[in-house]
Amino acid sequence: MANVNTEIKTHKLRDGILSVFLNLVMAVFSLTCIFPLIWMLYSSFKEKRAFNADIIGLPKEPTLTNYIRILTNSDYHLGESMMNSVRTTGLSVLFIVLFGFIVGYILARVKFRGNRLLYVMFLMGMLIPIHSLLVPIYVVFNNAGISNRWFTLLLPYVSFGLPLAIFLVEGYVKGIPIALEEAAAIDGSSFSRTLWTIILPICKPILVTVAIIQVFGNWNEFSFALVLIKDVALQTVPLALTQFKGQFASDYPKQMAAMLITMSPIVILYFAFSKEIIKGMVAGAVKG
Amino acid sequence: MLKTIKPKGWVIFLYLLVPVAAFVFTVFVPLITAFVYSFFEWKGGPNKTFIGLDNYMTLIQDEVFWQSFGHNIYLVVACILGQIGIAFVLVMVINSKLVKFKTIHRTFGFFPSTIAAVCIGLIWNMIYHYQYGIINWFLEKIGRPDLAKVWLNEPDLVMLLVSIPLIWQYIGYYMVIIMSAIASIDTEVFESAEIDGANAFQRAVYIVLPLIKNTMLVCITLCIAGNMKAFDNIYVMTKGGPGTSSMVMAMYGYQISFSQSNMGYGSCISVAIFVLSLIVIGGSQGLLKRIMREKEG
């Protein structure tokens, strides 16, 4: 009896230690993931001098000067960059969802010569290492006279986002019973009317997934913006940040404030809808 | 019979016109352009001289390019081991009944992958900074200020140091992907294994891993594709330096084309990036599938 008791006790003890250890591992991991954000957040309220004296401590005299200076000084173009990013991301995502839906549906349902050819072409778009286009896209866009415009980045962002969108929509539409469209046709609904009033609402979940993936991807995209945009007034947020790096080389609190401002839409969006966002991103990754 | 599925040809044509044209213009036209210009000597100006395969001959002997390619492979290997390896271990930990706050860990862990690579690079620049960086601050606190370095200036360490932010950023991402794969496995499998006396390690390697091998294959493919195109982090953190110690292919192509405005050779490098990436991605896919089939057989 005593023996069994001690055995249960050691078992409980072992579970206890294991539980502490495992929880600790996860806590440390989570902390390292979120720490930079927190560090930047409270450090951005420090003056440069206070930060340089103590890089890790909490601000003793919290101040908003970094934010005020960044937002009021028009040389930094931060407001403009934010507007450019919002416009570029918004329009790109809109077009990707729109075209992804149209092309995905047509490839899934309409039989015409070249259907499979188009499908393979867009599928290739997913396999093509797009970073090899970095230099040639600059050449092509320059020759065509469409680099360094407000709409320049829409073309690559929409084109690079389309394959995954088409692929996801096509798979989704194939799961919708065709009887639905047959019934609509018998009732005299035209192709376009069926597409927009019947199919579109059904496809909403997959289109939301597409939008989620693309919002993050396009807001954060850097390399093509770097190559195609030269005008400071047209630059997107990641480009603006690399400019800041040079301008505030040793003024970390200011850099942090700038980064937090540009990250804020993404961070707020993420923590407000983290469950849906994680689900959407994972679905996109695994199916793509 | 089906009017819906047989709309008029011009309707379909109109619907497809814009997306297909945009796609061809931004993806295929540049590809062909790069291929054509790779046979020219072209310094970005109006003069282009046809030089046949000269650019390719230069490329084959270009040590910096092959060093860059090696660095891409280094990143691929480091990230497969680091990201997917650590992610798998963490999934085993988080799936234990003893771990609390799973949702919070998931949300926080996934968070870095949603942030721009540029931001991640800038943050880690701060962490590595000589005067105001956290690493040197920490070394001073534990009484070893002699170990402090200008971290990103160390040629031997720089590849490791630039891969750490990359690995860190995506651990949570792969963790969530693997978690969702495991969630779809019948829990009875785990319970019976536990009753049979399999320990945690055995359960992970012999039961979980074979059941989620398709997901692992997806993860590895994502990892390879992602690191063959490494650019943003490197651009922000080191620009390929010191010297060429952290140069990657995309960065090298960028420098040749834009800093040295050698567009002809830059186009040639672009073609090489295209071909090499396809070979590495395709080759590794074939290899992995063969390994998996052999295991089954």
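Domain bounds here come from an automatic or database domain assignment. The model is predicted: local features need pLDDT of at least 70, side-chain atom pairs count only at pLDDT 80 or more, and totals for chains, interfaces and linings use all residues. Residues are numbered from 1 along each chain as its sequence is written, with chains lettered from A and ligands numbered from 1 in written order.

**Exercise 1.** State how far apart the C-alpha centres of domain 1 and domain 2 of chain A lie, and describe their contact.

*Solution.*
- Step 1. Chain A is assigned domain 1 (2-67) and domain 2 (74-287).
- Step 2. Their C-alpha centres are 36 Å apart.
- Step 3. Two residues are in contact if their C-beta atoms, placed from the backbone, lie within 7 Å. In chain A, 10 residues of domain 1 are in contact with 8 residues of domain 2.

**Exercise 2.** Find how many residues each chain brings to the contact between chain A and chain B.

*Solution.*
- Step 1. Chain A brings 67 residues and chain B 73 residues.
- Step 2. On the chain A side, helix α1 (residues 2-43) gives the most, 12 residues. Helices are DSSP runs (H or I, at least four residues), numbered from the N terminus.

**Exercise 3.** Identify the residues with the most contacts inside the largest nonpolar core.

*Solution.*
- Step 1. A nonpolar core is a set of buried Ala, Val, Leu, Ile, Met, Phe, Trp, Tyr and Cys residues joined through C-beta atoms within 7 Å; buried means 20 or more other C-beta atoms within 10 Å of the residue's own.
- Step 2. The largest such core has 157 residues, and Val169(A), Cys119(B), Tyr174(B) and Ile178(B) have the most contacts inside it.
- Step 3. Domain 1 (2-67) and domain 2 (74-287) of chain A both give residues to this core, so the core lies between them.

Definitions and conventions
Helix = DSSP H or I, 4+ residues; strand = E, 2+ residues; numbered from the N terminus. Buried ≥ 20, exposed ≤ 12 C-beta atoms within 10 Å, placed from the backbone.
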